[in-house]
Structure formats: C-alpha cells, structure tokens
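Please read this note with the structure open beside you, and follow the aromatic rings from point to point.

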Amino acid sequence: MKNSGSHLMQPSAALKAAPFWRTAFETDKETYPALRHDIDCDIAIIGGGITGLSAALSLSQNHDVVVLEQGSVAEGSSGFSAGILSLATTVDLRVVEQQFGRENAALLYSRLSAAVNRTLGAINLREDALQTGVSIYAAAKASHLPILETERQTRKRYGLSTRFHEKSGLPSFLTSFHGALELEGERAVNPVKLVQAIAKRAADQGCRIFESTPVTHFENSNGLFVLNAGTQTVKSRHLIVATGVRGKAWSPVASINRQLVPVKGDLIVTEPCQEVAKLAQSGTIALWDTYQMLYTYLRYLPDGRILAGGADSPGISAACLLSDKEEGVRRLHAVIQSRHNFKLPPVEHAWRASFSLPADGLPLVKVLSFGEGNDGGNGGEIGGGNGGEIGGSNGSGKLIVASTDGLPSGMLLGEVIANLIEGRHDGLMDMLRHDRKPSLSARLLSLLPNVPALRNTALKMVFFGMRLKDILS
Ligand SMILES: Cc1cc2nc3c(=O)[nH]c(=O)nc-3n(C[C@H](O)[C@H](O)[C@H](O)COP(=O)(O)OP(=O)(O)OC[C@H]3O[C@@H](n4cnc5c(N)ncnc54)[C@H](O)[C@@H]3O)c2cc1C
C-alpha cells in the first residue's frame with residue numbers, strides 16, 4: 001500500500017497535489033503498522049526522521065529496538081529537505097576551529113564523512129535517488145570574494161581540494177556571480193528514499209517500526225521508561241528522543257529547544273528542461289551563494305529540473321504545499337532565473353517546511369541516566385566535567401535527546417547515540433553535549449526571552465539585521 005504523507009496540510013491552490021519527493025520517485029515504499037498492543041523492548045526511539053532511524057540502524061544490529069513515528073517515516077524535516085549531503089554546508093570548519101581547536105574540527109569532519117559513507121554503503125540507494133559530482137560555491141558580490149578565499153584556505157588545511165574560478169572562467173550558464181569555488185566529491189539524494197532505505201535496513205535487522213503512533217507522554221519508573229502511545233504502552237530500558245523541530249516540549253527536551261533557532265524554508269522544483277539535464281549529466285549537482293541570510297541554494301536534478309531554496313526565516317511551519325501565487329515561490333524563481341543565462345521552465349512543485357538550527361551549527365546531545373529504584377524525576381545528568389567518559393556501562397537506563405541541522409549530522413548522531421547506549425567513550429561528546437562551551441551566538445540566543453511569541457519576534461529582528469548586512473556588504 002502506498003502512503004503519500006497523511007499529515008500534510010493542503011493549501012488552497014497547490015501546483016501539484018502531492019509532495020515532490022514522493023510523487024516523483026514513489027515506487028516501492030514500505031509502510032509500517034500502527035502500534036496496536038503493549039510492547040517491551042531494550043531501546044525505544046521516538047521519531048522516524050534521519051536522526052532516529054540512523055540510531056535504529058546502528059543499534060538494531062545488537063539490540064531489540066522499537067521506533068515510534070507519529071506520521072510516516074520521513075514525514076518530518078528529513079523528507080521535505082533539499083537532500084544536499086554536502087559536508088561543507090553541514091559544518092562550518094572555521095566556527096568549530098575557533099570554538100574547539102583544529103584537532104577537534106578535523107575529528108568532526110572525518111566522523112561526519114565516515115558516517116555518511118557507512119550509511120550509504122549499508123543501504124545501497126538506487127541510482128535515481130543518489131547524485132554524485134561537483135558543487136559550486138559562488139560569490140554573490142565582488143566584495144564576497146574574500147569569503148571564497150577564506151573557505152579555500154580552511155579546506156586546504158584539512159586536505160580538501162577546491163578549484164577557484166575567476167568571473168571570466170565561470171561556467172557559461174552562470175551570469176551573475178563574481179567568482180566561485182568548485183568542490184569535488186559532493187553528493188545529493190532523494191531524502192525520502194534515503195530515510196525509507198535506512199528504515200528498511202533497520203527493519204531487516206529486526207527493528208520494529210510503528211507509523212501513525214504519536215507518543216504523548218513518557219516517564220521513568222523503577223529504571224524502566226514507560227511511554228504512552230494512544231491507548232498502548234511501550235516499556236523500554238533506554239529511550240532516545242529524536243523528534244525534530246516539531247516535537248513536544250517535554251521537560252528534558254525544553255533545555256535543548258532553547259539552544260535552537262526554529263527556521264522555515266520554501267523549496268521549489270521547476271519543470272524539466274534540456275539545459276539543466278545536460279548540466280546534471282556533466283556532473284554539476286548543486287550551487288549555493290555567499291550571502292549569509294539572503295542565500296540561495298539549488299540542485300540540478302538528473303531529469304532536468306532545478307530544485308531551489310533559500311533565505312529561510314525564523315518560525316515553525318507544518319510541512320505544506322505552496323501555490324505559485326506565494327511570494328516566496330515567485331521570489332525564488334526570479335532569483336534563480338537571474339542567475340542563469342537560459343530561460344528556466346516554470347515551477348511545478350513548491351512546499352514549505354521547518355527545521356532546527358543550533359546556534360553554532362553543531363548537533364546537540366543530552367544524556368540522562370536512570371538507575372533502578374530511581375522513580376520518576378529527571379534522572380541524573382551524566383558526563384559532567386571535561387572529556388569524562390559518558391554513560392559508562394553501569395547498567396543504568398539512559399535517556400538521550402538529540403537534535404541537529406542536516407542529514408549528514410543526523411547520520412553521525414545515529415553512531416554517537418549507539419556509542420553512548422553501549423557505554424563506549426565517544427570523542428565527539430565534548431563538542432556535541434548540550435552544555436558545551438557556548439559560542440557567542442549561543443550566548444546571545446540564551447539571552448532571548450523564553451516566551452515563544454517574544455522569542456520569534458526577537459529572532460525576526462536578528463534575521464532582519466543580518467539581511468540588511470547582506471544587502472550592504
Ligand atoms: C526546506 C528544508 C531544506 C533542507 N535542506 C537540507 C539539505 O539540503 N541538506 C541537509 O543536510 N539538510 C537539509 N535540511 C535540514 C534537515 O532536513 C534536518 O536538519 C533533518 O532532517 C532533521 O532530522 P531529524 O531526524 O532530527 O528530524 P525530523 O526529520 O523532523 O524527524 C523527527 C520525526 O519525529 C516525529 N515526531 C515528532 N514528535 C513525535 C511524537 N510525539 N511521537 C512520535 N513521533 C514524533 C516527526 O513526525 C518526525 O518524523 C533541510 C530542511 C528543510 C526544512
């Protein structure tokens with residue numbers, strides 16, 4: 001049976017009546033049952049996005065794992081993303097260097113890269129769902145050329161090669177840029193297929209996945225987690241909360257949410273055209289520009305469509321389809337048209353979705369330990385101090401809350417979570433723990449009021465200021 005996103009809000013005048021990633025590639029989707037009876041397991045995971053399912057993939061090799069998803073697999077941010085797997089946009093090596101030093105930045109980069117390779121190796125995505133090739137990072141203004149040079153130097157320090165093109169040497173289809181860096185070995189995916197394939201692999205390893213199963217409450221009683229999912233109960237020794245931007249503000253999650261900027265973005269997909277098909281077939285898969293808040297990113301899809309997004313704004317929106325009358329849709333089409341020297345085809349699909357952006361861009365992980373006889377309460381925070389072993393194998397149940405921006409980080413979090421559950425030291429935890437040394441932007445974020453409406457207004461003002469800076473730069 002096929003399922004095309006039962007929780008999707010339908011606006012009045014959708015261009016196409018179903019989400020692009022599902023309609024364009026829907027072939028052999030697995031569906032999973034809703035939970036209809038009480039169950040016990042070693043590890044319960046709330047959330048069937050890239051983070052929850054990557055954890056399920058790692059853990060279900062050795063444990064009895066259950067995933068509970070309120071809608072269907074990949075129905076959160078993961079399945080509505082642009083699907084670009086670029087590590088360059090996932091972590092800003094300069095920011096990590098400044099905060100944690102070069103050695104840690106190198107460790108993070110290599111772990112991210114290994115996590116993506118291992119995940120793609122484990123699931124064997126079909127060719128029509130995985131693109132590999134070159135990405136272009138282009139200077140939107142002549143005054144942005146130093147940004148490219150800094151990026152080139154940074155990447156060089158980590159052994160990553162880039163190729164710089166002067167304005168005169170840019171690919172002929174790009175008309176408005178002032179120079180660009182070419183990044184090799186880049187990848188992009190159909191994100192729905194990616195997450196569905198991870199789910200299928202985890203299920204093949206014995207993981208039990210339940211869709212249409214919202215968790216409404218959980219508590220720890222005598223060392224066991226007790227979860228309410230409708231009228232059913234799930235009991236587990238460990239619990240992982242990977243509920244993304246639209247998860248409930250349960251108390252252990254709230255302190256993480258305070259460190260995140262909820263962001264909503266619009267994406268458009270055009271009808272196919274030959275020029276784009278040629279570009280994609282020649283290996284150019286993605287392009288993004290140097291603006292900080294007015295940025296645009298796009299993909300050249302193999303069948304000749306352009307997918308584009310950018311200039312995200314603060315706030316949370318349920319994933320919804322957009323009409324071509326929507327200001328964001330028209331603006332995106334106009335921006336990408338202004339960047340190409342051939343006439344782009346009209347928009348065929350458009351949607352809006354949200355994700356969470358940590359202030360310093362790094363994933364956030366919170367670990368609480370619950371021993372037997374520890375009834376209710378919030379559990380003991382573990383891993384205090386600097387670099388101490390987190391979650392040693394003391395037999396206690398663990399509650400892990402994980403949140404991130406980016407598909408590659410979601411895959412990495414799956415491995416980090418598995419290490420924590422299995423009592424192994426993970427060298428990344430100094431950087432990923434939720435109470436890490438805060439960056440300047442994280443400190444400023446923590447000063448914003450804790451009232452959602454006020455916080456959103458304050459964030460809008462910050463975004464407005466950064467956009468002004470983009471215009472004046
Ligand atoms: C427009 C857009 C473009 C993007 N483009 C890219 C890109 O090109 N490359 C990239 O790397 N990243 C991109 N991202 C970011 C990326 O999609 C997210 O950072 C990532 O998918 C987050 O994954 P997650 O598993 O943490 O959250 P989600 O994918 O949101 O998963 C959380 C899941 O938990 C479920 N859930 C929530 N509450 C409950 C509950 N109470 N009970 C049961 N289930 C629950 C939700 O239904 C959801 O399925 C983009 C995001 C958006 C919105």
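1. A search of the whole structure, which is a predicted model, finds seven aromatic pairs. Rings of Phe, Tyr and Trp (its six-membered ring) count as a pair if their centres lie within 6.5 Å, and the planes are called stacked if under 30 degrees apart, edge-to-face if over 60 and tilted for the rest.

2. One of these pairs is stacked and joins Phe 20 to Trp 351, with 6.3 Å from centre to centre and 15° between the planes. Phe 20 belongs to helix 1 (residues 20-25) and Trp 351 to strand 16 (residues 347-358), so that the pair links distant parts of the chain, 331 residues apart. Helices (H or I, at least four residues) and strands (E, at least two) are DSSP runs, numbered from the N terminus.

3. Phe 20 is buried at a relative accessible area of 3%, and Trp 351 is also buried, at 2%. Buried means under 20% relative accessible area, with a 1.4 Å probe and protein chains only.

4. A further pair, Phe 173 with Tyr 300, is edge-to-face, at 5.8 Å centre to centre and 85° between the planes. Phe 173 lies in the loop between strand 4 (162-166) and strand 5 (179-189), whereas Tyr 300 lies in strand 12 (residues 296-300), so the pair ties together parts 127 residues apart in sequence. Phe 173 is buried at 9% relative accessibility, and Tyr 300 is buried at 0%.

5. Ring pairs also link Phe 20, Trp 21 and Trp 351 into a cluster.

6. Residues are numbered from 1 along each chain as its sequence is written, and side-chain values use heavy atoms, leaving out hydrogens and water. In this predicted model, local features need pLDDT of at least 70 and side-chain atom pairs count only at pLDDT 80 or more, while totals for chains, interfaces and linings use all residues.

Key: Buried < 20%, exposed > 50% of the residue type's maximum accessible area, 1.4 Å probe, protein only.
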